[in-house]
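Thanks, everyone. Please have the structure open.

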Amino acid sequence: MALSQLSRSLTGLLVETSSVIHQRTFSVTAVAAAIQKMSRVRVVDNSPLGTTPYHRAPRVIHVYTKNGIGKVGDRVLLAIKGQKKKALIVGHKMPGDRMTPRFDSNNVVLIEDNGNPTGTRIKVPIPTHLRNMDGDYSKILAIASSFV
Amino acid sequence: MAACVKGLDKFMFSLRLLRNLQLQNERFLSTSVCRFAAGGFTPPSKPVIIDKTQTVASTRKHLSPEFIPPRERTNPFKFFIERKDMIRRRKVLNIPEFYVGSILAVTMADPNASGKANRFVGICIQRGGHGLGATFVVRNIIDNQGVEICYELYSPRIQQIEVLKLEKRLDDNLMYLRDALPEYSTVDPNMKPEPCSPTGEVPVSTLKVRMRPKPWSKRWERPKFNIQGIRFDRSLTPEKMEHAQKWAEPWREYDMLKEYDTSKLEEQILSEVQREMSK
């Protein structure tokens with residue numbers, strides 16, 4: 001997702017300077033759906049695994065729920081940089097309940113097996129209803145810098 | 001003889017009490033003695049407080065769109081009862097007049113947020129629903145992340161809706177801001193409310209938005225969306241614009257079954273709402 005956004009902004013700059021109508025050469029999902037297998041996600045913490053660039057976007061390979069649908073607060077298994085890593089969903093493009101925020105990208109925070117976050121800071125706003133969800137999310141909420 | 005002496009004693013005592021009381025009263029009334037002496041009571045001049053933060057109540061006749069019932073086969077009595085409930089809620093919470101494209105600051109009660117309340121500032125991109133389920137979507141970009149919240153107008157969780165900038169845009173639905181450049185959706189969270197004239201027309205901003213390169217979430221160039229507020233010449237060639245016109249359905253404007261004239265209904269409902277609100 002970071003790669004696609006980077007290319008989007010780059011092509012946006014191209015439009016400004018050369019006024020050539022440029023179109024992206026790879027497919028981007030248009031439908032706002034929840035997170036499931038093979039969906040590309042955006043890692044929002046400052047862990048080295050999430051911030052170093054790679055030629056492939058991080059993809060979800062398993063969702064730890066009864067149905068395969070991942071919403072805010074669900075754990076998923078990601079494939080990043082050729083390795084498997086667990087992560088927690090902190091925001092998705094799919095519209096949810098009224099009064100809850102909807103983000104423009106599918107955001108995910110890398111997590112260890114015991115639930116501790118890998119990074120030390122989350123710059124992106126986190127939804128507040130994560131606080132009263134079942135599961136120990138206190139460490140992730142502690143490293144978040146802003147809430148929505 | 002002894003009885004009348006006793007009575008006289010009591011009388012003298014009560015007289016002394018009264019005299020003491022009078023003296024005490026005179027001590028307290030010493031400041032107003034001069035006013036009384038002038039031969040008529042003139043009250044002191046009250047300090048006149050001009051509250052510049054509070055705006056004059058708008059004299060513009062505006063009916064919120066969720067009051068207008070949709071064209072359905074339901075009994076109008078249902079809409080009447082719903083309007084009564086809506087007015088009851090409006091008497092408690094002041095829901096200001098705002099349009100799609102205005103900048104709002106919404107404070108919502110949130111048990112999970114610090115200070116129990118959550119404030120979100122953004123631009124209103126859509127108003128939907130009828131009656132008590134009316135919603136509006138507010139969009140902003142925080143820390144390079146686009147966030148949208150769909151609020152229910154009549155939810156008891158909403159504590160305050162403040163209009164920071166009242167204006168209209170060229171369209172009723174600004175969902176294309178998701179595919180526009182981020183500068184058009186960014187609103188400063190510490191923005192101060194801009195004063196607007198209580199009378200006169202609401203200003204219409206003729207801003208034409210620049211889009212990101214295609215693909216977009218929806219094909220906004222198609223005539224079904226009828227969008228006036230995008231600069232298509234920066235993203236699409238004239239050939240593509242013509243190709244989009246293939247999906248035009250010019251017969252729809254002549255479809256009589258789709259006609260829904262709400263002018264009389266609006267006047268009726270507006271007078272009813274104004275009457276109930278002033279009670």
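Start with two helices in chain B: H3, residues 76-92, and H5, residues 263-278. This is a predicted model, so keep that in mind throughout. The axes of H3(B) and H5(B) come within 10 Å and cross at roughly 45 degrees. The crossing of H3(B) and H5(B) is right-handed.

Which residues meet there? From H3(B), we have B:Phe80, B:Arg83, B:Ile87, B:Arg90 and B:Lys91. From H5(B), they meet B:Ile269, B:Glu272, B:Val273, B:Glu276 and B:Met277. Sort the residues of this contact by type: five are nonpolar, five are charged, and none is polar.

Now the backbone. Most residues other than glycine have a negative phi, and most peptide bonds are trans. Here are some departures.

Stay in chain B. The peptide bond from B:Lys214 to B:Pro215 is cis, with omega near 5 degrees. Where is B:Pro215? Look in the loop between strand S5 (158-165) and helix H4 (238-244) of chain B. B:Asn226 is also found in the loop between S5 and H4 of chain B. Its phi is positive, near 50 degrees.

Over to chain A. A:Met99 has a positive phi too, near 70 degrees. A:Met99 lies in the loop between strand S4 (83-91) and strand S5 (101-103) of chain A. Is A:Met99 buried or exposed? Its relative accessibility is 7%, so A:Met99 counts as buried.

That's my list. Over to you.

How values were computed: Residues are numbered from 1 along each chain as its sequence is written. Chains are lettered from A and ligands numbered from 1 in the order in which they are written. This is a predicted model: local features need pLDDT of at least 70, side-chain atom pairs count only at pLDDT 80 or more; totals for chains, interfaces and linings use all residues. Side-chain values use heavy atoms; hydrogens and water are left out. Axes are lines fitted to C-alpha atoms, for helices over the stretch in contact, and angles run from 0 to 180 degrees between N-to-C directions. Helices (H or I, at least four residues) and strands (E, at least two) are DSSP runs, numbered from the N terminus. A crossing is left-handed if the near helix is turned anticlockwise from the far one by less than a right angle, and right-handed if clockwise. Contact means heavy atoms within 4.5 Å. Ala, Val, Leu, Ile, Met, Phe, Trp, Tyr, Cys and Pro count as nonpolar, Asp, Glu, Lys and Arg as charged, and the others, Gly among them, as polar. Buried means under 20% relative accessible area, exposed over 50%, partly exposed in between (1.4 Å probe, protein chains only).
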